Structures are given as C-alpha cells and as structure tokens.
Amino acid sequence: PSAEPEPSPETDPGAPGAEGPLAPGALVIYSGRREPLIQPVIDAFKAEYPNIDVVLKSGGNSELANELLEEQGNPQADIFITTEVFTVQALYLQGIFENYVSPGAASIPAEYKQPDGGWTAVTLRGRVIMYNTDLVKPEEAPQSIFDLADPKWKGQVAAANSANGSLQAQIAVMQKLLGGEKTEEWLQGLLANEATFFGGHTDVRKAVGAGEFKLGLVNHYYYYLQKAEGSPVGLVIPDQDEGQIGLIVNASAAAIVKGGHNTEAAKRFVDFLLSPEGQELFAALNYEYPVIPGVPLHPDVEPLTDYRIADVNLAEATVDLDATLDLIEKVGLP
C-alpha cells in the first residue's frame, strides 16, 4: 500500500468554526448583491484562505432562487447571498439549505436568523427617505413613509419596483405591523401619487441625485453612496415621533446550499462574513449596519440604537411571501 499523502493546505481543516476537509474545486457563490458590493469581501476572504478558489455568480435574488430550486437534484452552488430575507426564507422552507450555526451567529438577535442555522442575516439596512437638497429644504422634507402618498409630492417620488426584495420585505413588515388594509392604502396612495418605480435602488439614488425626482425611498446606504459621489442629497430617518411606526429594518442574508460540492469552504465563508473583519468591510465600504454588535460603523453613519425601530420580528414577518405578492398584484404595483 502506498504511504498516506502529506495533508495539503487545500484539505487542512484548521479554521475556527468549520470542520472537515475542503473538497477540490471552487467555492461557488450565488449572490443577489451586485459584484462591486461583494467582491471586496471575497478578496479579503481569499487573502485569508489563498487555497480556496471562489467563483461568483451575481444576479437578481428571484432569478438565482429559481436556479437553486431547479438545481436541487444536482446543486451547483455552495452558498447563497441575498439582499433581503424573503427569498432566503422561502428557500429555507423548501429545504434548499443545510443548517450551519456559525460561531459568529451567537450574538445575532433572534429576529435576524433561523435558530437551526438555516440562514443568518449578514448586514442590516434601514428603509429611509432621501431627497435632493437643491429641490427640497430640510424642514420641508417628509418625516414619514406615509407622507410619500401626500399629493404635494405627486410625480416626485422614486422607488424600486415590486420585484425588488427590499421593497417586498418592507411591505411584509408593514402587513405584520399595520395589517393588510392600511398597507394596501399606502400602496394605493403611492400609485395615486404617480410614484415612479425603477428596476433597482441604484437607479433611484442616481435619479434623486440628478434632481429628476425630489424624493427616493431606499435602503439607507444608497443615500451615503450617492452623497459620496458629490450629489446634493439629504437623509430622513422616517417615523421617529411618538405614535409612529419607527424605522423599518431589513437584512441581507447568507445560507449554505444543501448538497453543494464544497460545504466546508462555504462554512468558512459564512464564518468570515460574520467575523469582525468581514462585518467591518460591509460597514466601511458600503455604509451598512453590521449584524454583529460592537463592530465599528462607518464614521458617517449614525448607530441604529439612536433611532426608534419598527417593533416587528423580521424572520416571522417574511414567512408568508404569498400574502405580500398577492397584495402587490391586487394593487397593481409595477
């Protein structure tokens, strides 16, 4: 019999959290996040694990989710990263993911993860109003998302369309918080106000930055990204007064695909996403809120603890995707 081969770095399991040898071949990541927002994190991961090759496939959350469902018999991805919780929750309920409780997940609040490790939030993002400061004075800016349906802003509001997971999740949270009727009323108000619905938030932030619209409904970091480009934009953290609903907070998430070819590498990647280094990258490069307490924010970003937050469990609010999609269809949201 031939001698046992020396363990190579590729099969060395020595990493906190993950156990077992790495499979040959690349770690395949399906990402609903656009490449510029995830590539720096992948690069930092590769610097720590130079022997893990990474293949990134970017696309829309729904499009990638459909691929994961189609490939369930022969999974091609090892990990799925999504920009919101809805998609990952729906796939989790269909048994697409392998449970893995990363050591980093211990300090994540319960509403931002599955207790069995089926998925975990990676970053948090608030649903805010940005405005063009050349067109709107700070004292005139709307202070509630419900103000976006006020006729005084008719034709001046931009938002992402109904295929956008962040908007879907916001609607789900509102349904849980306020009930279907009030949420429907708000959506009808946006439509009556001739809001313009774009393919994504990047289009929204650029349109507001360019003064094509006075107001935009976005995740908070889009405001900071636009401001960093030198645009005249301001920020409203909405619904902060007594009796108002508070800031709606959504999350990006990650999950390990059951039956993937490189599960151990996927576990290490999740560990890295939830490590102080990984969390700090999201905060520093993209102005997001780390999901792990104690990680420094970007200096321009105010801590979430400064705000009144909508009192709703995100993991529970996003279980019934059908109810949200039914409402979107009922009102005819583009």
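Before going on, a word on what we are looking at. This is a predicted model, where local features need pLDDT of at least 70 and side-chain atom pairs count only at pLDDT 80 or more, while totals for chains, interfaces and linings use all residues. Residues are numbered from 1 along each chain as its sequence is written, and side-chain values use heavy atoms, with hydrogens and water left out.

When I say helix or strand, I mean a DSSP run, numbered from the N terminus: H or I and at least four residues for helices, E and at least two for strands.

Back to our pair. Two packed helices are described by the angle between their axes and the distance between the axes. For helix 6 and helix 7, the angle is about 50° and the axes are 10 Å apart. That makes helix 6 oblique to helix 7. On this scale, angles under 35 degrees are roughly parallel, over 145 roughly antiparallel, 65 to 115 roughly perpendicular, and the rest oblique. The axes are lines fitted to C-alpha atoms, for helices over the stretch in contact, and angles run from 0 to 180 degrees between N-to-C directions.

Which residues of helix 6 and helix 7 meet? From helix 6 they are H201, T202, R205, K206 and G209, and from helix 7 they are Y222, L225 and Q226. Contact here means heavy atoms within 4.5 Å. Sorted by class, this contact has 2 nonpolar, 4 polar and 2 charged residues. Nonpolar covers Ala, Val, Leu, Ile, Met, Phe, Trp, Tyr, Cys and Pro; charged covers Asp, Glu, Lys and Arg; the others, Gly among them, are polar.

Now stay with helix 7, residues 220-228. How many of its 9 residues are buried? The count is 7, so helix 7 is mostly covered. Buried means under 20% relative accessible area, exposed means over 50%, and partly exposed is in between, using a 1.4 Å probe and protein chains only. The buried ones are H220, Y221, Y222, Y223, Y224, L225 and Q226. Their cover includes strand 5 (120-132), helix 9 (276-286) and our friend helix 6 (201-209). Just after helix 7, G230 takes a positive phi of about 90°.

Next stop, helix 8, residues 263-273. Here 11 of the 11 residues are buried, so helix 8 is largely enclosed by the rest of the structure. Helix 1 (residues 35-48) has its axis within 11 Å of that of helix 8, and the two cross at roughly 115°. V41, I42, A44, F45 and E48 of helix 1 make the contact with A265, R268, F269, F272 and L273 of helix 8. By class, those residues divide into 8 nonpolar, no polar and 2 charged.

In soluble globular proteins, nonpolar side chains tend to be buried together. The largest nonpolar core in this model has 104 residues, and L27 and F269 have the most contacts inside it. Such a core is a set of buried Ala, Val, Leu, Ile, Met, Phe, Trp, Tyr and Cys residues joined through side-chain atoms within 4.5 Å. Leaving aside neighbours within four places in sequence, F269 is in contact with L27, I29, I42, F45, I79 and I81.

Is S102 buried or exposed? At 4% relative accessibility, S102 counts as buried. Not counting residues up to four places away in sequence, S102 touches V270, D271 and L274. S102 and F272 are 170 residues apart in sequence, yet 9.5 Å apart in space, C-alpha to C-alpha.

Let's move to helix 5 (residues 180-192) and helix 11 (residues 321-331). Their axes come within 10 Å and cross at roughly 40°, and the crossing is right-handed. G180, T183, E184, L187, Q188 and L191 of helix 5 make the contact with L327, K330 and V331 of helix 11.

Finally, two loop residues. Most residues other than glycine have a negative phi, and most peptide bonds are trans. E194, in the loop between helix 5 and strand 7 (196-198), has a positive phi near 55°. D239 also has a positive phi, of about 60°, and counts as buried at 2% relative accessibility.

How values were computed:
Left-handed = near helix turned anticlockwise from the far one by under 90°.
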